[in-house]
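Here's a quick tour for anyone meeting this structure for the first time. Take a look, then read on.

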Amino acid sequence: MSSLRTLLRPLVAAGLVAVLVAPAAPASADPSVAELTRRIDKSSTELAQVVESYNELREKIKDNKKAAATLQARIGPLQEQTERSRADVGEIAVTAYKTGGLQTVDALLQGGSGSVVERLGTLDQLTRQRQKSIEGFTANERQLVDQKTRLDTTLARQAAQAKELNTGKKKIERDLAKLYDLRRAAYGRATEQPKQQAGSAANDAPRVSGGAGAAVRYAYGAIGKPYVWAASGPNGYDCSGLTSAAWRAAGKSLPHNTKMQWNAVAKINRAELRPGDLVFYRSLGHVALYVGDGQVIHAPTFGRHVEKRPVDLMAPYGYGRVR
């Protein structure tokens, strides 16, 4: 055993020396700014799509609330009509029970003023009035039940959407925290310094007449304000929030969602572009306001600010004119 130790001792020593003098394995290098920027752009694009889905859901909830309010307004008068009809029908039933149908016919046919033909006409008229009251009650009740069913369906859908909206908000906030960490690693801060002070470009807007001019002036006034997801001003905007706010200043209502805005506008080609038109990008994942001279104003993405850029800042998907 001692001879074995004698043989191993120099080998162990040599191995120890080799470990001490061998160069250390290179540690994994931190990602470069270029790589971090690539990740930031990818995450920003994906998160912007989630935000637009969130905006779409908010617009649907808004529509459902309007529908529910309309149904509620209709139900009140219908309930009153139904109660009146029910009272009329109940009175007819009580009268018929007390007097009996044959007695009413006999009273009409025997005695009294007027000819038999006139009295038969009176009987026919009373019969029609009673039948009309019964039919009115049935129709009102049927309509009331239908409206209540529609209201219940709308409210149930609205509750499910509100739950989904809350889940979506939490996901966006989690993902946004990760994105801002990436931006800090790449640029030393979560948000960039605005190239222009907010509101400083308000007087740079070109002279454009009509509602389009109001929208363009509003967009110039928004330059330098931060991108804020799901916001439509006045202190921050996301992409569809900026275009909807700009056209709201012109008296036009656009939904706060890129896809819905695409469905709301008249489609035009590039040669027809004029100030106030909308330019869509990323398969309807982004939208900007055209302001003339080949330029658009848009709210770009997280950590950045509203800016003016060439219309080909990315490949356009399509063009639309607000009607």
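## Overall picture

Contact here means heavy atoms within 4.5 Å. Among contacts in the chain between residues at least 6 apart in sequence, 65% join residues at least 24 apart.

This is a predicted model, where local features need pLDDT of at least 70, side-chain atom pairs count only at pLDDT 80 or more, and totals for chains, interfaces and linings use all residues. Residues are numbered from 1 along each chain as its sequence is written, and side-chain values use heavy atoms, with hydrogens and water left out.

## Helices, then strands

The chain has seven helices and six strands (DSSP runs numbered from the N terminus: helices are H or I with at least four residues, strands are E with at least two). Reading from the N terminus, the order is α-α-α-α-α-α-α-β-β-β-β-β-β.

## Thr 301

Look in the loop between strand E4 (295-298) and strand E5 (307-310) and you'll find Thr 301. Is Thr 301 buried or exposed? Thr 301 is buried, because its relative accessible area is 10% (buried means under 20%, exposed over 50%, partly exposed in between, with a 1.4 Å probe and protein chains only). Setting aside neighbours within four places in sequence, Thr 301 touches Ser 44 and Tyr 227 by the contact rule.

In the chain as a whole, 36% of the 323 residues count as buried.
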